[in-house]
Amino acid sequence: MPDLPYDLADLHDIPGTTIFTADSARRAYHLHRFCMSLMKEENRQRFRADEAGWLATFAMTAEQRDAVLARDYNRMIALGGNIYFLVKIASTDGISVAQAVSTMTDLDVADYTAMMIAGGRTPQGNRSIKGGW
Amino acid sequence: MPDLPYDLADLHDIPGTTIFTADSARRAYHLHRFCMSLMKEENRQRFRADEAGWLATFAMTAEQRDAVLARDYNRMIALGGNIYFLVKIASTDGISVAQAVSTMTDLDVADYTAMMIAGGRTPQGNRSIKGGW
Amino acid sequence: MARITAGVTTSHVPAIGAALDNGKTAEPYWAPIFDGYAPSRAWMAEAAPEVVILVFNDHATSLMLDVVPTFAIGCADAYTPADEGWGPRPVPVVEGHAELSAHIAQSLILDEFDMTLINAMDVDHGLTVPLSLMFGAVDRWPVRVVPIMVNVTQFPPPSGDRCWRLGEALARAVASFPQDLRVQVWGTGGMSHQIQGPRAGLINRAFDTDFLDRMVGDPQSLRGITHLDYLREAGSEGIELITWLIMRGALGEGAVERHRFYHVPASNTAVGHLVLENV
Amino acid sequence: MARITAGVTTSHVPAIGAALDNGKTAEPYWAPIFDGYAPSRAWMAEAAPEVVILVFNDHATSLMLDVVPTFAIGCADAYTPADEGWGPRPVPVVEGHAELSAHIAQSLILDEFDMTLINAMDVDHGLTVPLSLMFGAVDRWPVRVVPIMVNVTQFPPPSGDRCWRLGEALARAVASFPQDLRVQVWGTGGMSHQIQGPRAGLINRAFDTDFLDRMVGDPQSLRGITHLDYLREAGSEGIELITWLIMRGALGEGAVERHRFYHVPASNTAVGHLVLENV
Ligand SMILES: [Fe+3]
Ligand SMILES: [Fe+3]
């Protein structure tokens, strides 16, 4: 491993943020295959018609399947998922990316939208867990 | 383009040798898709049952299709093909790589095999067209 | 001889594409954004590039599942807009410039960048939204495109410094292409945004405006920004900004600013845009 | 700490796999080859690596059509032997070491190698024939494998020098993996051969034996061999030898020779084989 100008461990010091790694990609491989299946209209229809049935055709874990059914994006991310794959579920649901994203935060979609129009979430206090800055 | 310790033009100075480039790959893309289709037994059977019919399902050029039907490997290479794709045709035909390879040379398969056992084709005179060395 | 005449940076927020495609550009939420790009569209009509080297990141569309390249270059004749989950964008197919792509790929690999060549792929909003912003709604894109994709999603992406040096190598590659061509380099993505987890919605205006300032006045200093800096300061998706460094490395030292625009928000994202011209 | 204990180079001729799979190893044509590897199989039983980093080139099996990476690394839990046109080889599935793959991929990218990560792929004779030569016919491969694929087919491949430096970076990557593991690095492909065009059948014994000598006695000098040299001297497929330089760059300066074998022909190819041990 080469020398780096920062400590890799600090990647886990960012509040409310998950770093997507090769290990995440491996854990979420089949979850992600499902997400990419939603890039075809016929598969979106299959999923809408029978969510559990379509999910059962992918070798994901039971936890991942349940997180999809619950639309629990934070949980999907904890189980390895990356948001660029996962938003294809939101698109299939016909909701905006911002609406899906708001469900991961402490705000409902109206308050989230208002926060964004007011300039977004401040970086103040949101950069470091241990430092609090 | 960086400076190189040799002249790129000399890549075309090697006797009886075609350099496979990004341009070749583009010209042969559909020919190569056909070759890779032969990595499934069901497709090999389809091809064997109706060579022209299976070839017609790929958007290759008429010259490429005719070269496949004629098993003219030199011609397939002139039309962009690379041998690592093309040997899948030989495998489908149930002949060895060496047998397919011999058809590109001045030797029949028996003489080609004998040449290999005797130590192979000499590099002497086979390195440079213009230099003759 | 081909030459790089100008560089463009821009965010590529998918909602901007949707607003365009659904005729919402005059709505109060969207109008400021499309107004912000109006001078660039006017400038573009003058600049009239023949090819755009469009540096972006694929969003789990054609890459990222089975294959995760650090740097990839499209070598196809055409790229079809992808169905990202709500049907393909109703925009023209993107025409490639396969000869220039092949030349650039060769030059970059001989220059010791370990490129991945992509012979067939669909392209997502990361490529088509910038085209829409710069050319508006058209029946045919007025440029051919050489797509360059950078992994910014799966840790670790390439360093900002490696991106800068790829840009420099890109300039050498273009300069050695024998045909006369006006080429622009675009870097798309950013600015600050995060679309995952409880911190989603992060916007760092101070970071963004400083970054825009330095793109013009002190670009070399941007090479030292680390992955950790980007993630902390600009959000987990703000690291798309490294695509801008490829553009900036490809442009000359003395490139001059023609236009700048910054706006918050478009959906979850801070929109940043620069037009730089080699003089 | 993981450490690289030894390196192996070997040709990976598909016909060798077919001879093994069809019980022809005692035939006069094949017996000298399998005899030539017998000391290595005995040595291997002693060396007992836990992981092999197996550097090879894909032969239009999982790569090369849509995606042509310069350097790729497999990050999967398992790799299935591919159907290359005559049904898959009847050999065990290859178990990966996904944690070590992920660690190496991260380390190499941070070290400024622009790797492509491959999350799912089948593997061809380039990977399975060397396993067969070193382990014989087994029900389960006694090692886990980290596959590294190098483009040697579409011009331009990486330079030999870049391969050597990738090997050095590989050594840094392995040395920083926290788990205790005996790791070998194998470079497969070569030696001289050409399987295309009227020059097919080219064998350059002088070039090959000099290359083997220098792998042991003066490996640094191999870094300067150019693409043109390989193509002229070793044949259009002989350029697979650059995979050997990754192995050699990963091994220590003072690695000692344990076994060497050279034979012509196997099908169209000169077979070359070296076992080097870090002491
Ligand atoms: Fe993006
Ligand atoms: Fe090979």
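Good morning. Donors here are N, O and S atoms within 2.8 Å of the metal (3.2 Å for Na, K and Ca), and water is not among the atoms, so sites may look incomplete. The donors of this ion are D:H12 (NE2), D:H59 (NE2) and D:E240 (OE), at 2.0 to 2.1 Å. D:H12 sits in the loop between β1 (2-10) and α1 (14-21) of chain D, and D:E240 in the loop between α7 (227-234) and α8 (242-250) of chain D; the pair links parts of the chain 228 residues apart. Helices (H or I, at least four residues) and strands (E, at least two) are DSSP runs, numbered from the N terminus.

A word on the source. The model is predicted: local features need pLDDT of at least 70 and side-chain atom pairs count only at pLDDT 80 or more, while totals for chains, interfaces and linings use all residues. Residues are numbered from 1 along each chain as its sequence is written, chains are lettered from A and ligands numbered from 1 in the order in which they are written, and side-chain values use heavy atoms, with hydrogens and water left out.

Both D:H12 and D:E240 are buried, where buried means under 20% relative accessible area, exposed over 50%, and partly exposed in between (1.4 Å probe, protein chains only).

Next comes the interface of chain A and chain D. Here 9 residues of chain A are in contact with 16 residues of chain D; contact means heavy atoms within 4.5 Å. The two chains bury about 950 Å² between them, 66% of it on carbon and sulfur atoms. This buried area is the accessible area (1.4 Å probe) that two parts lose on being put together, summed over both. On the side of chain A, the residues that lose the most area to chain D are A:M1, A:P2 and A:R26, together 60% of what that side buries.

Which residues does D:S107 contact, leaving aside its neighbours within four places in sequence? They are A:M1, A:P2 and D:A173. D:S107 itself belongs to helix α3 (residues 98-110) of chain D and is buried, with a relative accessible area of 0%.

Chain A and chain D share 2 salt bridges, a salt bridge being a side-chain nitrogen of Lys or Arg within 4 Å of a carboxyl oxygen of Asp or Glu. One such bridge joins the side chains of A:R26 and D:E99 (3.6 Å, N to O). Helix α1(A) supplies 3 residues, the largest share of the side of chain A that touches chain D.

Finally, chain A as a whole. Chain A has 9 helices and 0 strands, and 50% of its 133 residues count as buried. Its C-alpha trace spans about 45 × 45 × 20 Å along its principal axes. Helix α2 (residues 29-37) of chain A is mostly covered, with 7 of its 9 residues buried; among them are A:Y29, A:F34 and A:M36. The buried residues of α2(A) pack against several helices of chain A, including α1 (22-27), α3 (41-49) and α7 (83-93).

Thank you.
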